[in-house]
Amino acid sequence: MHLRISLLFMLFAVHVFGQDYTLKEAQIRDGFNTYLLSSSAFVDKDRFVWYATNRDGDFYRFDGKNKLRYQFYKDENSYDDSFYLSNTAWIQDHNNRIWAAELNKAYIITPGKLQVERIQYPTQTLSSKSFIAQDEADNLWISNGSQFLIKITPNRQVTQVTHPLLKDRKEIEIIKVLNNGKIIAKSGYNLFYIDSDGIHFFGDLQAIDKDIHPNFAVFENGKIVAENSSGYYKYNNVSYKYIYLKKLDIQLFNYPYEENCFLGNCSWSSNALVADSKLYTANDANLFINNINKDAKEITTIDTLHFKKQISISNNKHTPNFIWISAYDELYKLLIIPNNFKRSLQFDDKQYSTRGIVSDSKNNLYIATYEGLFKQENGKKPTQLFIKGEKNGLYDILVLEKNDSILWGSQEYHRIKKVNLITRTKKDIELPKGFKIEYMKEKSPDEIWIGSNKGLYIFNKKTETVNPFIEDGYFLGNIPVLSFIEAKNGKKWIASRQGLFLKEKGKDFINYKNINPSFTYKDLLTLHEDGKGNLWIGTSGKGFIFLNPETNQVKNLTQSDGLSNNIITGILESKKAIWFSTYYGLSRFDKQKGFFALYYKEDGLADNEFNLRSSYKKNDSTYYFGGLNGIIEFNPEKIELRGKHPHTIFLYSATYFSSDTNKNVTDYLSLNKKTINLPYNKNYFSAVFSINELFYIEKNSYLYKIEGLRNEWINAGTSGLIELPSLPPGDYVLRVKGKDAKNIETKNEIKINLHVEQIFYKTPLFTTLMVLILIGAIIYFFYRRNQRQKRFFERQKEVKELKSSALRAQMNPHFVFNILNNMQSVLILKGEAEANKYFGAFSKIFRQTLDISRQEHITLESEIEYLDNYLLLNNLQLNNGLEYTINVQNSINDSSRIFLPGMLIQPFVENAILHGLSQKRDKKLTIDFSMEKDYLVVIIEDNGVGRIAAAKHAETKKESHKSWATTIVNERISIMNYSSNNETKAAILEIDDLKENDTICGTRVTLKLLQVYNDS
């Protein structure tokens, strides 16, 4: 078949003339870009497309929807008409720079920097073709219509390299770069190969084979015909010579070369591609699609695409089935769909949703649809099987008797249909009201298993009745049965919406969850037992489940593990794999390697959505799956493996307000891992992303989430544009990923750090200043209040006076100054949480001090709380370097009923911290309360340097500040003992040094207070 299709009148993005190709026009021209293409398309390593325009030094990077311009001339008026760049004039070096070679210059494009440079070199202009290649040492070689080649080293040194045989003004031209890296060149009949050492002569082709034409084509060994062979092949029934060159491991081909082809665009060496057993050749405005038959040594043109203007073709070695076709004003993309699957029940005017598949002994296939019953005779197209008295009858689930004469099926789930295939007659068998068929399978020549909404039943073909399946006196009950298998060991397994059920001989039906609590799955749709007795269970939304009934091992694999979709509609097993039809695609699971291969409509499926109970294995080499658009047939052992090949997401541009330039800016391709700082009143950010799946670009979708604001992924649609108009102040990470047309996530994510500034009156500095002012006001308030109280208490007893003196000694300016300094440090270094602790302790001790100053006696409970707050405040000052404990012994039953003079213990605690522990790194302090007869015993111990060492240290430092606290306490104890009416002392004070091995290791203060009982 040789078809010639004109693209002048065809619609793009359709399947071309029933073959496995899809052609679309790439939208590269718009109102802002009216320049003509002046090059072949070049596909880089990221699968994006580059092309040049008719303005010299003007290039575009095309990601399927966005065009990014690269210019050598910044002045719009400084340009010449460009040289046409064929597909051989482009290359991407190992540093990912793009080179575009003309006859007398090469442009070097650095994609990430939007930079274009230029290198110039001489040319003899013997022809108008250029070719650029790279050797194993990263040297670039350019043929430019001269008797020499241009060599550009990695440090961009330009030299002319020639060979003694290059004379008589015959140019040398590079004609092929092989997959193994070899560079092949020719001059007339002389063949050369090139490496880092220079140009090497291989031989004179006239001497090797006089029948080889000077305009021969070069292909890798075995690409077109059998490996290591020479002889003749046929192109459209015309014989042409080809030879094998062992040393270079290539094959040279004669072909129908046209002398007047424009710029060599009809050359098979430069404008031919091989993909999926097809040879694609461009000749003038035609694209010839040729089938390759290696065994028969034949190349046959099966289709021809005719374009309006001259074309050239190119692809990428990573995606050989994706071909770009460039003309002067248009760019097209052609996708070659592999011939993995044979599609049946395909019609132009209608789609048929298949619901059941069976075959007879003659390999004829019967297909159930909602539009009637179809028969596909072996090797032929399906035709509708018309049954008497029925027009477009509804069929669902088929069972064929072994004599091939009677076909049983369900209709609308509540009726069984008996079809005589010989007489083409039918009989409808009504089922009980409310009875719905979910599953049918032959049990014996006279019986059919029926899975229903009311349990497991058996249909008797002779009596045409359904009865519950009862075994050993047990019945499953009203549990919907969606699938059923009788295992090789006799066990019966039932899949239902309520879970997996098991029936063993002599036992009742049981939910398998009761045997294996780890099996919590429900909504089970289909079952399959493999050759080893393992169960494969398809679910509605949970992927598939692997179950080993012997070990009760359960493994669940889902879409996140590589499955195409989580709703399983059918399961078939081949020698090496388990096949799953799903609601979106076909999945092949390798039983040994655990590898998924995925297939979709673009891989040859009739449709991506398959139907339940529409899978069938005719034999080991013929499998069927049915879906919304007919059925597919394939040989599982010959199908090409196609796994998940995730694409990559890229940033195209980002737009935001820059404080540095005081205007909106747009960054392209990369943000260089920097944090984007946004003012609080310019808090918007937008970015455009693209996925390097360029054929079904309109089906790519994008998702994002903003860490620090929203944790869920948000669907951004298919445009690739993400806009964040009003971000609140804070730090965020914008994470973006994508999904391609197959719903496969990109292999990478893009992360962009964003910082939105806070308005000035909400900044930490402003808040700190306000807090300090407030604290100052509070301190001033308490200071004035204390002054007034001081004047009042001067007229009170001497004990009250001494108590106030102790208060002043405790709250001395040096102590307050340290507190304020520490407040500032805590706010700056430790943040709000630690500052709140400090403020809390400080406010509590102020409040308690004022309360205690008004009372003659306070409870032990209040004193402990006061000491605890005091120690907490000091510990915060010491950066948690003080280890302290307050113990209340069992001899004290109720601390709220024991009283003592206020502020009598704190001075000793202060002395221990300031003088005993100040020189120690490991500061430890213990306060112990107990009762001995009528005395409250208070013991204060520290692990300080002792009284003598502390006194010497104070003398050495010549401290100007003298602590009056101890003196005041001694005076208070004297007054307490003097005022006591009893002979027993009211207070007893003992201070001792603690020693260990005759070395002072601390101080112990023992204070005994005669218990005072409150009259209230």
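Guide: A salt bridge here is a side-chain nitrogen of Lys or Arg within 4 Å of a carboxyl oxygen of Asp or Glu. By this rule the count comes to 45 salt bridges.

Visitor: And where does the model come from?

Guide: This is a predicted model, in which local features need pLDDT of at least 70 and side-chain atom pairs count only at pLDDT 80 or more, while totals for chains, interfaces and linings use all residues. Residues are numbered from 1 along each chain as its sequence is written, and side-chain values use heavy atoms, with hydrogens and water left out.

Visitor: How many helices and strands does the chain have?

Guide: There are nine helices and 76 strands. Both are DSSP runs numbered from the N terminus: helices are H or I with at least four residues, strands are E with at least two.

Visitor: How much of the chain counts as buried?

Guide: Of the 1016 residues, 53% do. Buried means under 20% relative accessible area, exposed means over 50%, and partly exposed lies in between, using a 1.4 Å probe and protein chains only.

Visitor: What does the accessible surface come to?

Guide: About 48100 Å², with 48% of that belonging to carbon and sulfur atoms. The areas come from the Shrake-Rupley method with a 1.4 Å probe, and for residues only the protein chains shown count as cover.

Visitor: Back to salt bridges. Which residue does Lys105 meet in one?

Guide: Asp56, with 3.8 Å from N to O. The pair links distant parts of the chain, 49 residues apart: Lys105 is in strand 10 (residues 105-110), and Asp56 is in the loop between strand 5 (49-52) and strand 6 (58-62).

Visitor: Are Lys105 and Asp56 buried or exposed?

Guide: Both are buried.

Visitor: What about Asp211, which residue is its partner in a salt bridge?

Guide: Lys210, and the closest N and O atoms are 3.6 Å apart. Lys210 counts as exposed because its relative accessibility is 67%. Asp211 is at 36%, so it counts as partly exposed.

Visitor: Why do such side chains pair at all?

Guide: Side chains of opposite charge can pair when their charged atoms come close.

Visitor: How far apart are N and O in the salt bridge of Arg710 and Glu712?

Guide: 2.7 Å. Arg710 is partly exposed at 39% relative accessibility, and Glu712 is partly exposed with a relative accessible area of 39%. Elsewhere, salt bridges that share partners join Glu471, Asp472, Glu486, Lys492 and Lys503 into one network.

Visitor: New topic. Which residues form a nonpolar patch on the surface?

Guide: Leu765, Phe766, Leu769, Met770 and Ile773 form one, with about 490 Å² of accessible area together. Patches are made of residues with over 30% relative accessible area and no salt bridge; like charges are joined within 9 Å, and nonpolar side chains (Val, Leu, Ile, Met, Phe, Trp, Tyr) within 5 Å. Phe766 belongs to helix 3 (residues 764-793) and is partly exposed, at 31% relative accessibility.

Visitor: How many residues of strand 56 are buried?

Guide: Five of the five in strand 56 (residues 586-590). Leu586, Arg588 and Asp590 are on one side, Ser587 and Phe589 on the other.

Visitor: Why two sides?

Guide: In a regular strand the side chains alternate between the two faces of the sheet.

Visitor: How many bridges join strand 55 to strand 56?

Guide: Five, and strand 55 (residues 577-582) runs antiparallel to strand 56. Two strands pair if DSSP finds at least two bridges between them. The bridge partner of Ser581 is Leu586. The two strands form a hairpin with three residues between them, and Gly585 in the turn has a positive phi of about 100°.

Visitor: And how many join strand 56 to strand 57?

Guide: Four, again antiparallel, with strand 57 covering residues 596-599. Leu586 stands opposite Tyr599 there. This hairpin has five residues between its strands, and Gly594 in the turn has a positive phi of about 65°.

Visitor: How many residues does helix 6 have?

Guide: It has 18 (residues 860-877), and its first and last C-alpha are 26 Å apart, close to the expected 26 Å. The expected span is 1.5 Å times one less than the number of residues. Just after helix 6, Asn879 takes a positive phi of about 55°.

Visitor: Last one: where is Asn548 placed?

Guide: In strand 52 (residues 544-548). Asn548 has a relative accessible area of 16%, so it is buried. Leaving aside neighbours within four places in sequence, Asn548 is in contact (heavy atoms within 4.5 Å) with Asn534 and Gln553.
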